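Dear colleague,

I am handing over the structure below, and my notes on it follow directly after it. Please read them alongside the coordinates.

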Protein chains: 2
Amino acid sequence: MKLAEAKQQFVASWGAFGTQWGINRTMAQIHALLLISPDPLSADDIMEQLSISRGNANMNIRELIDWALVNRVIVAGERKEYFTAEKDIWKVVRQIVKERKKRELDPMLKLLDELENVEGDKRDKEVKTFTDAIANIRRVGGQAEKTLDTLIKADESWFISSLMKIFK
Amino acid sequence: MKLAEAKQQFVASWGAFGTQWGINRTMAQIHALLLISPDPLSADDIMEQLSISRGNANMNIRELIDWALVNRVIVAGERKEYFTAEKDIWKVVRQIVKERKKRELDPMLKLLDELENVEGDKRDKEVKTFTDAIANIRRVGGQAEKTLDTLIKADESWFISSLMKIFK
DNA sequence: CTAAATTTTCAATAGTTATTGAAAATTTAG
DNA sequence: CTAAATTTTCAATAACTATTGAAAATTTAG
């Protein structure tokens, strides 16, 4: 396979992959493009390579910066802004896990804690099934939280040993 | 908080949570409803409790069955079909991980293997950046695959010890 | 069989999310 | 400052996804 074709393929697939995980296709494609680009790209470069509008490019670049997956870089003697992506995928994974945990898992655990204290007699089948389900989800969620926290802090080299420690 | 309100809250939140992960809101809500229901529910029960149409209920129930998160049950003396959800959340997590891995991670790794063999001179900066990025993603993906395979096979009780083994 | 009950399908449509593109705001070189 | 370059905003609209509801298909009781 030729480089140009392989690049196309990767950008398209990364975009499709993203949509399955609730990530905007364009955002994932811009990220992919920057991942495989040796040099920083300008908004114009991105617009051209992905055939998207300026507004779309701008919005999604900003979102990527907000997720700390992309950085603005200044190129000497250039007025335009340029952008690069973090190339270390392990860091990228950690960053995404960190953000999604903060935005989604933490609030969910907070809600579960409230729902577990529902009023009513535990001998009532309806109440028991509900509180049992919530407690069960809370427990698994709590486990996930601990694991993810370790993963977020972990340097790849001590990923293994750290992961082992949390279960001590 | 009263039980009825807590149930509502849980179903709504589970639905919202699902959408952030690329899962249809109704599908997640039906799943939530069945998780906290002591007895199996019919399509009519689900339609009524979620205020959705028969078609919508049918489609999403079928999708949940396809994901093996929901089962049809026969209620003696009843003509209608009834449905239950697996109540053990640990099993649910494993099932979801198993399906998503099969549907998404495995094909992605297959693609990365192809893309890594792109034609061209490795001394070319463009080629090198591309193959390095792909190799890097492939490596992290491979690590994820091993971890998830262990998680899928793991019984909760030996979750810990199994997880430790993969990194030996 | 027959017909009532139930489930499934799917075209029409509603609802949601993404994208455009041009105007407004901001930045910077001179 | 001034004006050109660049970035940002956002209303309009396109594209995509979910939902309805009624007709068709299937199942089952008698």
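By class, the surface near DNA strand C has two nonpolar, eight polar and seven charged residues (Ala, Val, Leu, Ile, Met, Phe, Trp, Tyr, Cys and Pro count as nonpolar, Asp, Glu, Lys and Arg as charged, and the others, Gly among them, as polar). This is a predicted model, in which local features need pLDDT of at least 70 and side-chain atom pairs count only at pLDDT 80 or more, while totals for chains, interfaces and linings use all residues. Residues are numbered from 1 along each chain as its sequence is written, chains are lettered from A and ligands numbered from 1 in the order in which they are written, and side-chain values use heavy atoms, with hydrogens and water left out.

Phosphate oxygens of DNA strand C lie 2.8 Å from a polar side-chain atom of B:R62 and 2.7 Å from a backbone N or O atom of B:E81. α4(B) gives the largest share of this surface, five residues (helices are DSSP runs of H or I, at least four residues, numbered from the N terminus).

Turning to the largest pocket, 15 residues line it, and B:K7, B:Q8, B:V11, B:L33 and B:Q49 lie nearest its centre (a pocket is an open set of points on a 1 Å grid over the protein atoms alone, where a 1.4 Å probe fits, with protein on both sides within 12 Å along at least five of seven lines; lining residues have an atom within 4 Å of a point). The largest share of that lining, five residues, comes from α1(B).

With best regards

Definitions and conventions
Helix = DSSP H or I, 4+ residues; strand = E, 2+ residues; numbered from the N terminus. Polar contact = N/O pair within 3.5 Å; in protein donor to acceptor, adjacent residues only side chain to side chain.
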